[in-house]
Amino acid sequence: MEGTMRAMVLEEPRKLVLKQLPIPKPGPRDVLLKVRYAGICGSDFPIYKEGLFVPKLPQIIGHEASAVIVEKGDQVQGFAVGDRVTGTNIQFCGHCPACKATPAGEYAWGCENIAMLGLGFGTPGVFAEYFIIHDVIPGVSLFKISDTVDDLEAAMAEPMCTGAGWYSVPEPKSGDKIVILGAGIIGESVYQQLKDIPDLNIVMVDYSQLRLDIAKKMGVNHTCNPSKDGDALDFVIGLWGNKEFLYNYGDRISGNADIVYECSGSAKAWAQAIQMAKPGGKVCTVGTCEGMAEISPQWIQLKQVQIFGGLYGGIGQSVEGINSGKLKVRDLATHVFPLEQLDEAFQVAMDAQKSLKVLIKVDEGAPDYPYNKQD
């Protein structure tokens, strides 16, 4: 495809510039996609603010999108021009020794080219009218969207994949007492996977009342806003009791949660997650944490808390969940901005008191939706 496209380019930290750039050309294993809607991810914040996580600037960032295939390479199988799709930000080349040794349908974390293929990190991202997914691997890097799912909902498949991939890692079971720290879309992605397990007792913690109100609407049992309800550890102990453990005694020693999912990315919350878990409990660290967490080794050694590291999830599961209607994402979209207002959109997205999920309508011809809550 010849011609130019509108693209918002991050030239330096906090400096986004609208440019007309050539439409990229796909190779034989690639697809060229026209963006319909794109989402701002929490991992985009440090790129926008400080230029972190990318090899260099300028760069077109962003990695969450719904799109339509407009061109495809002759080696791409299973997709056709006109298919509505979404894809992953972490891409695998498919042809290095590590990729070739990885069974079909699995993630090749040893891929020699993974660092430079990250959509919106090493390669140009989705805050532009067109982008490329390189070295397409069906069912791993590119997925079809059902006709029952609209473009805005489809753009939330990638962030919802985190919960889809990690909620089951600490093996939640009926009757468990669970804390989710962070009521943003990552916390929601975990909750929406958990809610089909019977008799769970779930607390969602966040400083944003807007996000907690949405969580309550979604069915969370308890919500805690530390700015209103007091310290979150005290809240959890008040619900489920204090638990002493070896050499650690007193009235405020440990929570009694079976599982704590840390989804906020806060170093303070990361540490408090270990305090909230019961002796022998489990902590799943899902949010990407900036900074250092202050943790007592006794919380791990003597309390015997198990810690599971988690980052990337299962986008195939989240696409299936959205396609089937299991995952409810409409009420998570609080704002929609046009591409030209991407800078303003970032300011709103970084303010948890005002927003949960901020999306960008990139395609001017894409439909608006009644749940566009932008003032």
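Trainee: Which residues are exposed on the other side of α12?

Mentor: Exposed means over 50% relative accessible area, buried under 20% and partly exposed in between, with a 1.4 Å probe and protein chains only; on that side of α12, Glu320 and Ser324 are exposed. This is a predicted model, in which local features need pLDDT of at least 70 and side-chain atom pairs count only at pLDDT 80 or more, while totals for chains, interfaces and linings use all residues. Residues are numbered from 1 along each chain as its sequence is written, and side-chain values use heavy atoms, leaving out hydrogens and water.

Trainee: What are the buried residues of helix α12?

Mentor: Helices (H or I, at least four residues) and strands (E, at least two) are DSSP runs numbered from the N terminus, and in α12, residues 315–324, the buried ones are Ile315, Ser318, Val319, Gly321 and Ile322. Seen down the axis of α12, they fall within an arc of 160°, taken from the directions from the helix axis to the C-beta atoms, so they line one face of the helix.

Trainee: Which residues do the ring pairs link into a cluster?

Mentor: Rings of Phe, Tyr and Trp (its six-membered ring) pair if their centres lie within 6.5 Å, and planes under 30 degrees apart count as stacked, over 60 as edge-to-face and the rest as tilted; here ring pairs link Phe45, Tyr48, Phe127 and Phe346 into a cluster. Phe45 and Phe346 are both buried, and Phe127 is buried too.
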